[in-house]
Amino acid sequence: MIDLRDLTYEELEELLKNAGEPKFRCAQIFSWLAKGAESFDDMTDVPKSTREKLSAFCRIYPLKICEKYISKIDKTTKYLFELSDGNCIESVVMYYKHGISICISSEVGCKMGCRFCASTIGGLTRPLTSGEILSQVVFAQKDIGERISNIVMMGIGEPLDNYDNVIKFLHCVNHPAGLNIGYRHISLSTCGLVDGIYKLAEEKLPITLSVSLHAPNDEIRNQLMPVNKKYPIKELMRACRAYIKATTRRISFEYSLISGVNDSPEQARELAGLLKGMLCHVNLIPVNKVKERGYKKGSKEEIDRFLKTLQALGINATVRRELGSDISASCGQLRKKHMEESI
Ligand code: SAH
């Protein structure tokens, strides 16, 4: 059975053509899928005969809202969505002055093994299909009843480990007949899969690339992120420079500040040296405590000192604002808790 949300506009057009349907039907159905149709019956302006014909070999899978938490402080909304095979993933909707943003997952679990990350503790179960990635935006938007304008691929999973489905998703979510979200409003975050960064540069999509760096040298990065053993910092930086050259887009480096591990002024200076002259921005994230790991964030003063040291050395840097602090559960924690409870 074909999941219709897995198809690009062009693929749907081809499928409908082969089924003997008129050309305009594609825009109609594609738009229903983006609006959150849960079955063929929802597509009220599509003739019944067409719906019956399609339902013989196509399916539409709605995402089920399994759990939902809304922050009383800033309205940040976390969803635990259930997929058609019973697996669960997380998405988070955040309200900003400039619009509504969603943080989405790209895989069920993750195999990258970053020491501070809750998403990777149970390993990788499976990649998401492009339709499942898209459905998170579709069903969150349907639930909140307002337009989502920005997407960050920073939820569970490593997007460049699920490369083809992620690229397909980007094309689908950008299509004018669908959700029509501009590439400039989309960020993709990677732990640093160098091959994927080179490939992505070739796609020439004006999305923002975020790179999870978290350390100024290989010694610390090896401890925090196993991926660094395969792609050490020098190679990663070479790929980042090639990406900037090919796309002329600024890279955003994510740096989770972990007390006593990577947050000293000396390490800030080392980081500044590494990034000197690059078209980039550093996003400092006070580490979210993960109880299995024992890492904790530093004081406000320590975080500020790291920020000021970078800035004084000419590096563009900001500290990420914490949203939804009352509903805790940084990405990966909700799914983990749910899995533990169902054992
Ligand atoms: N796999 C991708 C995207 C998912 S994680 C990546 O690695 O970039 C999104 C961001 O949150 C990454 O920068 C990740 O390193 C960071 N992160 C994960 N766990 C964290 C934690 N406990 N505290 C702070 N940041 C964390």
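Predicted model: local features only at pLDDT ≥ 70, side-chain atom pairs only at ≥ 80, totals over all residues.

Trainee: How many helices and strands does the chain have?
Mentor: Helices (H or I, at least four residues) and strands (E, at least two) are DSSP runs numbered from the N terminus, and by that reading the chain has twelve helices and 14 strands. The radius of gyration, taken over C-alpha atoms, is 21 Å, close to the 20 Å that the globule rule (2.2 Å times the number of residues to the power 0.38) gives for 343 residues, so the chain is as compact as a globular protein of that length. Buried means under 20% relative accessible area, exposed over 50% and partly exposed in between, with a 1.4 Å probe and protein chains only; 56% of the 343 residues count as buried.

Trainee: Which residues are closest to the ligand?
Mentor: A residue belongs to the surroundings if one of its heavy atoms lies within 4 Å of the molecule. Here 17 residues surround the ligand, and the closest are Phe116, Ser189, Ser212, His214 and Asn288. This shell divides into seven nonpolar, eight polar and two charged residues, where Ala, Val, Leu, Ile, Met, Phe, Trp, Tyr, Cys and Pro count as nonpolar, Asp, Glu, Lys and Arg as charged, and the others, Gly among them, as polar. Strand E10 (186-190) and strand E12 (251-257) each supply at least two residues of the shell.

Trainee: Which polar atoms lie 3.0 Å from a nitrogen atom of the ligand?
Mentor: A polar contact is a pair of N or O atoms within 3.5 Å; within protein, one must be able to donate a hydrogen and the other to accept it, and residues adjacent in sequence count only if both atoms are side-chain atoms. A backbone N or O atom of glycine 157 lies 3.0 Å from a ligand nitrogen, as does a polar side-chain atom of glutamate 158, and an N or O atom in the side chain of serine 256 is also 3.0 Å from a nitrogen of the ligand. The protein covers 91% of the 530 Å² of accessible area that the ligand has on its own, by the Shrake-Rupley method with a 1.4 Å probe.

Trainee: What is the phi of histidine 214?
Mentor: Most residues other than glycine have a negative phi. Histidine 214, however, has a positive value near 65°; this residue sits in the loop between strand E11 (208-212) and helix H7 (218-224) and is buried at 4% relative accessibility. Threonine 248 also has a positive phi, about 55°, but is exposed, with a relative accessible area of 64%.

Trainee: Is arginine 249 buried or exposed, and what does its side chain meet?
Mentor: Arginine 249 lies in the loop between helix H9 (233-247) and E12 and counts as buried because its relative accessible area is 18%. A polar atom of its side chain lies 3.4 Å from the backbone oxygen of isoleucine 207, and a polar contact of 3.2 Å joins the side chains of arginine 249 and threonine 208.

Key:
Residues numbered from 1 in each chain as written. Heavy atoms only, no water.
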